[in-house]
Amino acid sequence: MGIDLAIFDMDGTIFTSNTNWSEVRIKLDIKPEETILENIFKNNEFNSKKLILLEEIEWKNTLSAIPVEGVSDFINVLKARKIKVALVTNNNLKNTRYLLKKFKLSFDLIITREMKMWKPDPAPVIYSIDHFNVDKDNVISFGDSKLDISAYKSAGISDIYIKHNGLKKSLNNEENINFFVNFLGMAEKILYKI
């Protein structure tokens with residue numbers, strides 16, 4: 001068994017995020033049981049006022065974002081070993097392209113919210129697995145939120161790495177979750193699986 005595909009979240013995982021999403025939820029009047037995108041895009045319609053405000057917040061975050069330490073080298077190690085890399089983000093294509101171009105990062109597949117597959121739904125993760133025709137047991141995943149964990153677990157991925165950002169305490173030692181601080185040394189930790 002090896003690794004054929006690595007799936008990454010974007011904001012807070014491969015790029016820093018300075019947005020307090022709890023405050024954003026309050027500002028957008030999002031109910032606790034809904035995600036931001038579920039609230040904005042209801043019944044194939046959308047709340048344009050909320051979407052404009054969300055995009056302003058995301059753009060501000062995008063302009064201040066920088067790559068998480070070691071991520072570029074880590075992705076290059078994966079690619080050198082012929083492992084496909086996918087980016088699955090709830091952010092929009094404009095912000096995603098801007099950051100990837102600015103910091104010269106490339107992925108074999110990029111899924112943004114325009115594809116209407118949003119985490120925590122496993123659809124974008126399953127799409128990535130199907131796109132590359134790989135076994136889910138040969139997939140590793142990286143994220144920083146409960147949305148990421150839910151999407152990865154629901155898609156059947158058991159090798160989940162979550163950026164340590166305070167989330168660890170609230171997960172109560174949930175199984176199959178590996179925590180990391182940055183990508184320095186990550187290649188060494190997973191080399192035995194490649």
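## The second largest pocket

Asn18, Thr19, Asn20, Glu23, Val24, Lys27, Glu56, Ile57, Lys60, Asn61 and Ser64 line the second largest pocket. This is a predicted model, in which local features need pLDDT of at least 70, side-chain atom pairs count only at pLDDT 80 or more, and totals for chains, interfaces and linings use all residues. Residues are numbered from 1 along each chain as its sequence is written, and side-chain values use heavy atoms, with hydrogens and water left out. A pocket is an open set of points on a 1 Å grid over the protein atoms alone, where a 1.4 Å probe fits, with protein on both sides within 12 Å along at least five of seven lines; lining residues have an atom within 4 Å of a point.

The second largest pocket holds about 200 Å³ of space. A volume is the space filled by probe spheres set on the grid points, which are joined across faces, edges and corners. H3 gives the most to this lining, with five residues. The lining divides into two nonpolar, five polar and four charged residues. Here Ala, Val, Leu, Ile, Met, Phe, Trp, Tyr, Cys and Pro count as nonpolar, Asp, Glu, Lys and Arg as charged, and the others, Gly among them, as polar.

## The largest pocket

The largest pocket has a volume of about 960 Å³. Its lining has 33 residues, and the closest to the centre are Asp11, Trp21, Asp144, Ser145 and Leu147. Helices H1 (21-27), H2 (36-40), H3 (48-64) and H7 (146-154) each supply at least two lining residues. Helices (H or I, at least four residues) and strands (E, at least two) are DSSP runs, numbered from the N terminus. Nine lining residues are nonpolar, twelve polar and twelve charged.

## Helix H7

At the start of H7, a side-chain oxygen of serine 145 comes within 3.3 Å of the backbone nitrogen of leucine 147. Just after H7, glycine 156 has a positive phi of about 90 degrees.

## Arginine 113

Arginine 113 sits in the loop between strand S5 (109-111) and helix H6 (123-132). Arginine 113 is buried, with a relative accessible area of 5%. The side chain of arginine 113 reaches the backbone oxygen of asparagine 90 at 2.9 Å.

Conventions
Polar contact = N/O pair within 3.5 Å; in protein donor to acceptor, adjacent residues only side chain to side chain. Buried < 20%, exposed > 50% of the residue type's maximum accessible area, 1.4 Å probe, protein only.
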